[in-house]
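The sequence and structure come first.

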Amino acid sequence: YSRRLKVIDELERLSDYFSAFDSIYKLPRSVRGRGRKIANLTARLITRQWGKRKITELKHKDVNAEVYALYATRNNYEHGNVGSILAEGINPEKFKERVRLLGYYVHQVALLYIMNDTFEEHISRIASGDCAGLASIYG
């Protein structure tokens, strides 16, 4: 019972984080491949070399895959499939850490959104990996 509550708490947080991504990226609910788009945009922004951070293409693929996997979990939750999520044998502590990391990604993307009045105009370029012209707190 306690394990179930811990996982559900994190699923609620996960849902909130993806709602934040929806608001930032302004993707309509009808967009096909929405989870893939959110994962790609987030990975591009998180793994962009801001300042002196060095990021590899492998890191981009890892972030993209993790965000998409969490998006799929969030979809299962929002469609009432809590039982199937719990049946996967999720470790609450590991899941909490994964959700916490997604929260970090939301905060980083939100900072970029806030710092760039023309963020929405950059979305299609960001999707292809071009983050040039975005102001960043990292330099």
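## Overall fold

Among contacts (heavy atoms within 4.5 Å) in the protein chain between residues at least 6 apart in sequence, 68% join residues at least 24 apart. The model is predicted, so local features need pLDDT of at least 70 and side-chain atom pairs count only at pLDDT 80 or more, while totals for chains, interfaces and linings use all residues. Residues are numbered from 1 along each chain as its sequence is written, and side-chain values use heavy atoms, with hydrogens and water left out.

The protein chain has six helices and zero strands; helices (H or I, at least four residues) and strands (E, at least two) are DSSP runs numbered from the N terminus. Read from the N terminus, the order of elements is α-α-α-α-α-α. Of the 139 residues, 40% count as buried. Buried means under 20% relative accessible area, exposed over 50%, and partly exposed in between (1.4 Å probe, protein chains only). The protein chain exposes about 8000 Å², of which carbon and sulfur atoms supply 51%; accessible areas come from the Shrake-Rupley method with a 1.4 Å probe, and for residues only the protein chains shown count as cover.

## Nonpolar core

A nonpolar core is a set of buried Ala, Val, Leu, Ile, Met, Phe, Trp, Tyr and Cys residues joined through side-chain atoms within 4.5 Å. The largest one has 36 residues, and those with the most contacts inside it are F18, F21, Y25, L45, L102 and F119. Two or more residues each are given to this core by α1 (2-25), α2 (34-47), α3 (57-78), α4 (82-87), α5 (92-115) and α6 (119-127). The largest share, eight residues, comes from α1.

Which residues does F21 touch, not counting residues up to four places away in sequence? They are K26, I38, T42, L102, Y105, V106 and V109.

At 1.5 Å a residue, the 14 residues of α2 should span 20 Å, and its end C-alpha atoms are 20 Å apart, which agrees. The expected span is 1.5 Å times one less than the number of residues in the helix. Eleven of the 14 residues of α2 are buried, so this helix is largely enclosed by the rest of the structure. The buried residues are R34, G35, I38, A39, N40, L41, T42, A43, L45, I46 and T47.

T42 lies in helix α2 and is buried, with a relative accessible area of 0%. Leaving aside neighbours within four places in sequence, T42 is in contact with F21, Y25, V67, Y105 and V109. The side chain of T42 also makes a polar contact with the side chain of Y25 (2.9 Å). A polar contact is a pair of N or O atoms within 3.5 Å; within protein, one must be able to donate a hydrogen and the other to accept it, and residues adjacent in sequence count only if both atoms are side-chain atoms.

## Salt bridges

Side chains of opposite charge can pair when their charged atoms come close. With a salt bridge defined as a side-chain nitrogen of Lys or Arg within 4 Å of a carboxyl oxygen of Asp or Glu, the count comes to eight. In one of them, E10 pairs with R13, the closest N and O atoms being 3.2 Å apart. Both residues lie in helix α1, three residues apart, about one turn of the helix. E10 counts as buried at 5% relative accessibility, whereas R13 is partly exposed at 35%.

R74 forms a salt bridge with D22, the closest N and O atoms being 3.6 Å apart. R74 lies in helix α3 and D22 in helix α1, so the pair ties together parts that are 52 residues apart in sequence. Both R74 and D22 are buried, R74 at 2% relative accessibility. A salt bridge also joins E78 to R74, with the closest N and O atoms 3.5 Å apart. These two are four residues apart in helix α3, separated by about one helical turn, and E78 is partly exposed, with a relative accessible area of 40%. Salt bridges that share partners join D22, R34, R74 and E78 into one network.

S15 is placed in helix α1 and is buried, with a relative accessible area of 10%. Not counting residues up to four places away in sequence, S15 touches R74 and E78. The side chain of S15 makes a polar contact with the side chain of E78 (2.3 Å). The C-alpha atoms of S15 and L70, 55 residues apart along the chain, are separated by 9.5 Å.
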